[in-house]
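User: I am new to this structure and would like to go through one part of it. Please answer a few questions about it.

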Amino acid sequence: MWKEENNRLKKSFTFRDFQEAFAFMTRVAFLAEEQQHHPNWSNVYNTVEIELTTHDAGNTVTEKDHQLAKAIDAILE
């Protein structure tokens, strides 16, 4: 579940291993580029942390963030 905190939508994703985490990040990268909305994220081994905020709206959570979050979740369904 995404949490809204400090003007960001945040979620942590855990995978079986680094390879699965990296594959997920690659798929998210294509979505982000398609939507022209890029996440702040980090990856350590099998965990990917994602934060979404709309920079050109003053670093607040907007509909763009919710749309990308929904598309990211759909990758794992």
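User: Against which elements do the buried residues of helix 2 pack?

Analyst: This is a predicted model. Helix 2 covers residues 63-75, and D65, L68, A69, A71, I72 and I75 are its buried residues. They pack against strand 2 (8-14), helix 1 (18-35) and strand 4 (47-52).

User: Within what arc do the buried residues of helix 2 fall, seen down its axis?

Analyst: An α-helix has 3.6 residues a turn, so residues three or four places apart point the same way. In helix 2, the buried residues include L68, A71, I72 and I75, while E63 and K70 are exposed on the other side. The buried residues line one face of helix 2, because seen down the axis they fall within an arc of 165°.

User: How far does helix 2 reach from its first C-alpha to its last?

Analyst: Helix 2 has 13 residues, for which 18 Å is expected at 1.5 Å a residue. The reach in the model is close to that, at 19 Å.

User: Which side chain has a polar contact with that of D65?

Analyst: D65 is buried and has no salt bridge; K64, the nearest side chain of opposite charge, is 7.7 Å away. Beyond four places in sequence, D65 is in contact with L9, H37, L52, T53, T54 and T60. The polar contact, at 2.6 Å, is with the side chain of H37.

User: What is the phi of Q36, roughly?

Analyst: Most residues other than glycine have a negative phi. Q36, in the loop between helix 1 and strand 3 (40-44), is not a glycine, yet its phi is positive, at about 50°.

Definitions and conventions: Residues are numbered from 1 along each chain as its sequence is written. This is a predicted model: local features need pLDDT of at least 70, side-chain atom pairs count only at pLDDT 80 or more; totals for chains, interfaces and linings use all residues. Side-chain values use heavy atoms; hydrogens and water are left out. Helices (H or I, at least four residues) and strands (E, at least two) are DSSP runs, numbered from the N terminus. Buried means under 20% relative accessible area, exposed over 50%, partly exposed in between (1.4 Å probe, protein chains only). Lys and Arg count as positive and Asp and Glu as negative; His and the chain ends are not counted. A salt bridge is a side-chain nitrogen of Lys or Arg within 4 Å of a carboxyl oxygen of Asp or Glu. A polar contact is a pair of N or O atoms within 3.5 Å; within protein, one must be able to donate a hydrogen and the other to accept it, and residues adjacent in sequence count only if both atoms are side-chain atoms. Contact means heavy atoms within 4.5 Å. The expected span of a helix is 1.5 Å times one less than its number of residues. The arc is that of the directions from the helix axis to the C-beta atoms.
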